[in-house]
Amino acid sequence: MSMKPNRNKFLADLSNAVDNFIDNSNSHYNNIIAITHNDADGIGSLKIIQSLLHKMNLEQDYFIYNRSSSWAAYLKGILPKSHERKNTFIFTDVGSSLTELIPIISSRKEDFYILDHHEVDDKVDLDDLPENLFFVNPTVHGYDGLDHVAGATLAYMFAKSIKPAIIKQGWLAVIGIAGDSLRSMDKLKSFNKDVYEEIVNEEIVNDKEGLILFGAMNDNIKNGLKNSILPFVKGYGGENDHKIKSLLSELDIDPNKKIVDLNPTEINSLIMKTHISKGNYAIIPQKQGLLRHAFEHSLLLNILSFKNISAALSIIQQKSITRYAQGIYLEYINALSSNLKILSNELPHIETKKAIFIDAGNGKIPPSNWSDTASFSTVNELLNPNKMLFLGGLEKKTQMMKLSIRCSRGYLKSHEGIGVNNVISKVKDNFGGMGGGHKLAGGLRLSIPSYNKLKENVDNLL
Ligand SMILES: [Mn+2]
């Protein structure tokens, strides 16, 4: 059910939330508690909100939600006993599991602001939300939560409506956009595009055109061909230096030349030989090295969010990358490009009529890499793009199957927009489990018996 976006309705929700926030922050709000998602988009959103609250001289605190527990369990440790109305909650890049949240919010006296771009459960009546909930989510007005508007785009629009000087923090929005849209900047749409152009025009971020080898834009062409994850360069991605150097020598390109320094002739000869293309990428001018590149910066935050959330929160403030973070990044990107090679060449998978199941457990692919291997294999269409992908394995800690579920944009078109989040809801209704997500991407934890039932019945569900 893809409907035409209703810009006015979305902007009305936004300005209602903004107006209410301004009014109340002058009177009774005093302690704002921000809750965000543990990824680059979430951290970018959080930093924008923190900067806004700082400008407004409001007391603040923050928490980061990794969606591994229910909202009820998570918020138990956060919601104060007192219900004092000076406390106020802002959720960014999370908070659209309304069936879970509405009962909690309606039992509270504080105001809750939810600025999210994840899709909402079908069962919720959006015209009957609690009075203390200000729900801003463009997906309920027909926008696409990945293509049109990132979580950080939304946080930026909210914050900038209150304090126009937030435009200086626009690079944080670009980090969110780069991490969530997984597209070169020339392909942005709607609010992501508008916000990006505004920030570029203000010279907060620089827009450049060149060869797109996302994941390694800060590196030389040899490492770029090997480590690019967007696009994954088939035949060279995850391969050894020898294979890549012989291509470059055939094309008369210095393997150590920086990707951003390649001349038009070199770029054209690479485009002729591979399926790489030109596009636009964003540079954050006040940062150095890897952190200058919005996509790579964002990817680094996504990686660190998984491994060491405080390092992620710290690096977004830094001008240059630490040796620790550099090491983790390289290890990750080498592993991901090699996992993409493994996945496209050798990993056994079970294919049903409509789905592909890949058991990446037992050391085949490390659990911390499942989600991104699934995402980037789908984005790069390394598997049949007309089937839904269920990639994952047994999670030792919980003894549950942890699945990353993905589908392509083409899949969505041929399935009337019924995508991953919809399928996750159906799985939860039929077999239990925990999880959620977007149309194209989501995650689910299931017991082993439920997982087996899912495999048997998946074609009826899809
Ligand atoms: Mn997001």
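Two strands pair if DSSP finds at least two bridges between them. Strands (E, at least two residues) and helices (H or I, at least four) are DSSP runs, numbered from the N terminus. The model described here is predicted: local features need pLDDT of at least 70, side-chain atom pairs count only at pLDDT 80 or more, and totals for chains, interfaces and linings use all residues. Residues are numbered from 1 along each chain as its sequence is written.

Strands β3 (residues 87-92) and β4 (residues 111-115) run parallel and are joined by five bridges. Isoleucine 90 has tyrosine 113 of β4 as its bridge partner.

The protein has 17 helices and 13 strands. The C-alpha trace spans about 70 × 55 × 40 Å along its principal axes.

Buried residues (20 or more other C-beta atoms within 10 Å of their own, C-beta atoms being placed from the backbone) make up 46% of the 462 residues. A nonpolar core is a set of buried Ala, Val, Leu, Ile, Met, Phe, Trp, Tyr and Cys residues joined through C-beta atoms within 7 Å. The largest holds 100 residues, and Ile48, Tyr113 and Val174 touch the most other members. Another core, of 29 residues, lies apart from it and includes Trp370 and Phe390.

Definitions and conventions: A residue is buried if 20 or more other C-beta atoms lie within 10 Å of its own, exposed if 12 or fewer, and partly exposed in between; C-beta atoms are placed from the backbone.
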